[in-house]
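Here is a short briefing on a protein chain. Keep the structure in view as you read, and find each residue as it comes up.

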Amino acid sequence: MTAPTRRVKVAVAAAGFTSFALLYAPQPVLPQLAAQYHLDPAGASLAVSVATGALAISVLPIAALSEVVGRRPVILASVVLSSLLALLLPLMPSYPLLLVLRAVQGAAIAGFPGVATAYLVERLGKKGVAAAVGAMIAGNSIGGMTGRLATGFAAGPLGWRGALYVVAGISLVCAVITVVTLPPSTPQADARRQTLRDVGAGLVAAVRKPVLLAQYAVALLAMGSFVALYNAAGFRLTGSPLNLSPAIASLVFLSYALGSVSSATAGRFAARIGRRRAVSAALILMAVGAALTIADSLPMVVLGFAVLTCAFFAAHSIANSWAAAEAPENARGQVGGTYTLMYYLGSSVVGSIGSAVYGQAGWAWLIGAVSGCLLLAVAAVWVGTAVRSPSPARRELAPR
């Protein structure tokens, strides 16, 4: 691995850490927010959903902006601004104002996930992008895990506001690492910057290929299922019959360590059995993991979340790199933006619906709803890739 490639991987891993630590930091303290502001689970989950929803709305305009001004400035602005906003979040005097700032923060965070994959393709080429995407998603998963654990453990002695300050400080350090290490765009990429008309044509190209539509479906349904379960996890673990403390309940997020491993190795698994089979297997394994959590047994719940998390990050890594490899040259940013739009739309919409299902009908019904979403994602993969007719020059890349 060359030194520039190492710098790229370090930079995107640090940026992913920052983005995901900040985006999901409130998740472990949703029960505390519900208690303080007299909210039900669906209302408390808005602290996560408004940020992911704002991210989803913002990602395509920001991806289009990156086609004009370049990827690197957008990524740097994203990690720095979102970290600074995190320092203001605990100062909000009311829940509505907290939600407003979370929405602004979500829009700021959109700059990294919306353009990172396109940046990696331009820096490393299609052959090197799978490993780099795996490293980036590993950083995402470690950031998500660390942010949630830090919030969960700090909430006891410091309260939820102090806990959010801890995550903000860690994220700011990682943002500085990204600023220092992220290499500039290549001269070739700078020469290919687009006009607004080109951006519009790229958006059309991004939604014309069935294989890309299949990956967007995976992003929407898998991410939505994943977030729906984790939004409700704190309520399930701290409620009857498990009755864990918030700090102990937050240990479930250690499963993200397994996710970092599975995302980094998913590319090799897909190369061995084919991307279609690999992503389908990961989605089915997610449903199996979700089903294991139905038992009122802490070891089974922990095992279920470990399986779910490992499988989710594998599915996301395969689908994300698959979309990047299939993106038309004039639509890389738009494909990355559309994938991210669907990813966070799933987090916001499906995640919120899942919280409502849990609040109204309980955990078993939530598992049933999630399993249905995952089976729909499997169907989308097989339908979307069945109608594809690859050219002879690319048959070796065709899904099996």
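Y339 and Y343 are both buried. The model is predicted, and every value below is computed from it.

**The Y339 and Y343 pair**
- The rings of Y339 and Y343 form a stacked aromatic pair. Their centres are 6.3 Å apart, with 20 degrees between the planes.
- Both residues sit in helix α15, which covers residues 332-361. They are 4 residues apart, about one turn of the helix.
- Y339 and Y343 also belong to one aromatic cluster. Other members include F20, Y24, F226, Y230, F305 and W363.

**Another aromatic pair**
- How many aromatic pairs does the structure hold? There are 14.
- One of them joins Y37 and Y95, and this pair is tilted. The ring centres lie 5.1 Å apart, and the planes are 35 degrees apart.
- This pair links distant parts of the chain. Y37 is in helix α2 (residues 30-37), Y95 is in helix α6 (residues 95-109), and 58 residues separate them.
- Is Y37 buried or exposed? Y37 counts as buried, because its relative accessibility is 19% and the cut-off for buried is under 20%.
- Y95 has a relative accessibility of 7%, so Y95 counts as buried too.

**Helix α6**
- Helix α6 has 15 residues. At 1.5 Å a residue it should span 21 Å, and its end C-alpha atoms are 21 Å apart, so the two values agree.
- Several residues of α6 are buried, among them Y95, L98, L99, R102 and I109.

- V80, L84, L87, L88, L91, Y165, V176, V179 and V180 make a nonpolar surface patch of about 730 Å².
- Helices α5 (71-88) and α7 (111-181) each supply at least two residues of this patch.
- V180 lies in helix α7. Why does V180 count as exposed? Its relative accessibility is 59%, and exposed means over 50%.

**The whole chain**
- The protein chain has 16 helices and 0 strands.
- Of its 400 residues, 59% are buried.
- Take the contacts with a separation of 6 or more: 84% of them are between residues 24 or more positions apart.
- The chain exposes about 14700 Å², and carbon and sulfur atoms supply 72% of that area.

Notes:
Residues numbered from 1 in each chain as written. Predicted model: local features only at pLDDT ≥ 70, side-chain atom pairs only at ≥ 80, totals over all residues. Heavy atoms only, no water. Patch = residues over 30% accessible without salt bridge, like charges linked within 9 Å, V, L, I, M, F, W, Y side chains within 5 Å. Areas by Shrake-Rupley, 256 points an atom, 1.4 Å probe, with all protein chains shown as cover. Salt bridge = Lys/Arg side-chain N within 4 Å of Asp/Glu carboxyl O. Buried < 20%, exposed > 50% of the residue type's maximum accessible area, 1.4 Å probe, protein only. Phe/Tyr/Trp six-rings, centres within 6.5 Å; stacked < 30°, edge-to-face > 60°. Expected span 1.5 Å × (residues − 1). Contact = heavy atoms within 4.5 Å.
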